[in-house]
Structures are given as C-alpha cells and as structure tokens.
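Colleague: Could you walk me through reading this model, one feature at a time?

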Amino acid sequence: MNISAEEAKQIMDSEEGYVIVDVRTQEEYDESHIPGAILIPNTEIEAQAEEELTDKDQLILVYCRSGRRSKMAAEILVQLGYTNIKEFGGIIDWPYEVE
C-alpha cells in the first residue's frame, strides 16, 4: 500500500486511468499541489469518497503534507472497499513538479 514518491511518479508517467487524491486542507491545496490531483480533505474522505471516487477498483494515489493524514485516509478507503490504494506520503518529500 505504501510506495515512494519515485514509484508514484513512475505510475503517473507510465499509466492511465488513475486518480491522485490530496487529503490536505483547501488552504494547503491552494498553496501548491501535484498537477492533476483532486482535493478530498482527510476529514471528509469517508463522506465524499463514494461520490468522488466511483470506481472502487481504480488505482488511487493518496498524499498529504507529511504522510500521516494520507496513511489514515488510505486506511479509510480500504475499509470502504477500495481495492487499489497506493499511499505515497507527503508533498514535503515530493521532488517533482507542483502547481
């Protein structure tokens, strides 16, 4: 379930049909985020997941600021029946492009 930033970037560069989920706050997301990421704050993941992430078998890449919230969000998604969750820690460890 846990992958490195490098592994996440490799998936983003080589695969299609995945979704990147930023589980930080709106303010943090507005400051900078990984291109293409959608925002579902950690505090709302349980309520919003099924509306935003309709395919439970889709590859979902999850990150936050440092890795703590993304780990919690990934566990919630698994409990909700999502089968292909990859959590890659925090944006503070992301050496690639942000917007």
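Modeller: Let's start with a serine. At 0% relative accessibility, Ser70 counts as buried, where buried means under 20% relative accessible area, exposed over 50% and partly exposed in between, with a 1.4 Å probe and protein chains only. Bear in mind that this is a predicted model, where local features need pLDDT of at least 70, side-chain atom pairs count only at pLDDT 80 or more, and totals for chains, interfaces and linings use all residues. Residues are numbered from 1 along each chain as its sequence is written, and side-chain values use heavy atoms, with hydrogens and water left out.

Colleague: Okay, where is the place of Ser70?

Modeller: Elements here are DSSP runs numbered from the N terminus: helices are H or I with at least four residues, strands are E with at least two. Ser70 sits in helix α4, residues 68-79.

Colleague: And with which side chain does the side chain of Ser70 make a polar contact?

Modeller: A polar contact is a pair of N or O atoms within 3.5 Å; within protein, one must be able to donate a hydrogen and the other to accept it, and residues adjacent in sequence count only if both atoms are side-chain atoms. For Ser70 the partner is the side chain of Glu87, at 2.7 Å.

Colleague: Zooming out, how do the elements of the protein run from the N terminus on?

Modeller: They go α-β-α-β-α-β-α-β. The radius of gyration is 12 Å, close to the 13 Å from the globule rule for 99 residues, so the protein is as compact as a globular protein of that length. That radius is taken over C-alpha atoms, and the rule is 2.2 Å times the number of residues to the power 0.38.

Colleague: What share of the 99 residues is buried?

Modeller: Buried residues make up 44%. As for contacts with a separation of 6 or more, 68% are between residues 24 or more positions apart.

Notes: Contact means heavy atoms within 4.5 Å.
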